[in-house]
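Reader: Could you walk me through this structure, one question at a time? I am new to it.

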Amino acid sequence: MKLGVFTPLLSNLSLDDVLTKLKALDITTVELATGNYPGNAHCDLGMLENPGALDTFKKKLADHGFSISALSCHGNPLHPDPTQAKQYQEVNRKTILLAEKLGVTEMVDFSGCPGDSPEAKNPNWVTCPWPPEYLDVLAWQWDKVVTPFWTERAKFASDHGVRIAIEMHPGFVVYSPETMLRLREIAGPSIGCNYDPSHMFWQGIDAIAAIRVLGDAVFHVHAKDTQMYSANLSRTGVLDTKPYTDERNRGWIFRTCGYGHGAEWWKEFVSTLRMFGYDNVLSIEHEDSLLSPEEGLSRAAQFLNEIVLKEKPTAAWWV
């Protein structure tokens, strides 16, 4: 197991400065954003049409001793607005192609969320089964939009040697282990998840037990924590729509690793990932509104470097 960083938190720095900063934190793996919601500060899809720029990019990473854990383009490829959907889908497609050229096997995206009909203008996230028209909307979304797009896109990715890691996230059709496995069953084994435990905590899902549910569907892992505020939860519930910066009044907020759950929890998290076959990267993602990106990164790196098992254990003498 090793630490990595999802670099949009350092988007104000050049790639050279990012790599220098991370190496000082004993981190030599990066997850790079290629567009859509996170932007593309450190990885330009234009390299697909510019072999010279691509070679320069590869050399820069190699010279600094860095590898890429994943390319990420979190967007809404199922957006009901055709113009927006096309833009998100095109970034997704190009990200797969760039991953192939870079020898990166994982790309990260959201599942997306359609509207409630072909005439919709905005996404419609269904969160309850009644009144009954909500289930009609949900069935239409999965049958007419989710299944056709992701079946085709999963095959495209597989044909190019890339796996798609869907981040389970509120607001999209895939937000839980159950919905993740539903999409995987539909689209096939090249679809799995980017496992971010912070999104399990706020839903009341045991984030360690969920690893056992997901099994080999875990393709990539984000290291991000969540703090629950019981004083507010009795008023807000978990579907809290207040801004993340309204920390005093929210039922929960995202935190730097160690600020929501302690070292013992994270040790068990890492151990369970290994138990179920994941021994790759924990990619630090910073969304802690109470700490600056600099603070959040340095504290998460220090905390997790004491926890991750960097070397595989050798077989015991009695095995």
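Reader: How many disulfides does the count come to?
Author: This is a predicted model, in which local features need pLDDT of at least 70 and side-chain atom pairs count only at pLDDT 80 or more, while totals for chains, interfaces and linings use all residues. Residues are numbered from 1 along each chain as its sequence is written, and side-chain values use heavy atoms, with hydrogens and water left out. A disulfide is a pair of cysteine sulfur atoms within 2.5 Å. By this rule the count is zero.

Reader: Which residues are the closest to the centre of the second largest pocket?
Author: A pocket is found on a 1 Å grid over the protein atoms alone: it is an open set of points with protein on both sides within 12 Å along at least five of seven lines, and lining residues have an atom within 4 Å of a point. The second largest pocket has a volume of about 210 Å³, a volume being the space filled by probe spheres set on the points. Of its 15 lining residues, the closest to the centre are Trp125, Val126, Thr127, Cys128 and Tyr175.

Reader: Which element gives the largest share of that lining?
Author: Helices (H or I, at least four residues) and strands (E, at least two) are DSSP runs, numbered from the N terminus. The elements giving two or more residues to the lining of the second largest pocket are α4 (133–159) and α5 (177–187). The largest share, three residues, comes from α4.

Reader: What is the volume of the largest pocket?
Author: Its lining has eight nonpolar, four polar and five charged residues (Ala, Val, Leu, Ile, Met, Phe, Trp, Tyr, Cys and Pro count as nonpolar, Asp, Glu, Lys and Arg as charged, and the others, Gly among them, as polar). The volume of the largest pocket is about 270 Å³.

Reader: Which residues are the closest to its centre?
Author: The largest pocket is lined by 17 residues. The closest to its centre are Phe6, Lys224, Glu285, His286 and Glu287.

Reader: What is the bridge partner of Phe6 in β2?
Author: Two strands pair if DSSP finds at least two bridges between them. Strand β1 (residues 2–6) pairs with β2 (residues 29–33) in the parallel sense over two bridges. Both strands are part of a closed barrel of eight, in the order β1-β2-β3-β4-β5-β6-β7-β10. The partner of Phe6 is Glu31.

Reader: Where is Asn36, and is it buried or exposed?
Author: Asn36 has a positive phi of about 60 degrees, although it is not a glycine. The residue lies in the loop between β2 and α2 (51–64). With a relative accessible area of 16%, Asn36 is buried.

Reader: Which residues does the cis peptide bond join?
Author: Look in the loop between β4 (106–109) and α4, where Pro131 is placed. With omega about 5 degrees, the cis bond joins Trp130 and Pro131.

Methods
On a 1 Å grid over the protein atoms alone, a cavity is a set of points where a 1.4 Å probe fits but cannot get out, and a pocket is an open set with protein on both sides within 12 Å along at least five of seven lines; lining residues have an atom within 4 Å of a point. Buried means under 20% relative accessible area, exposed over 50%, partly exposed in between (1.4 Å probe, protein chains only).
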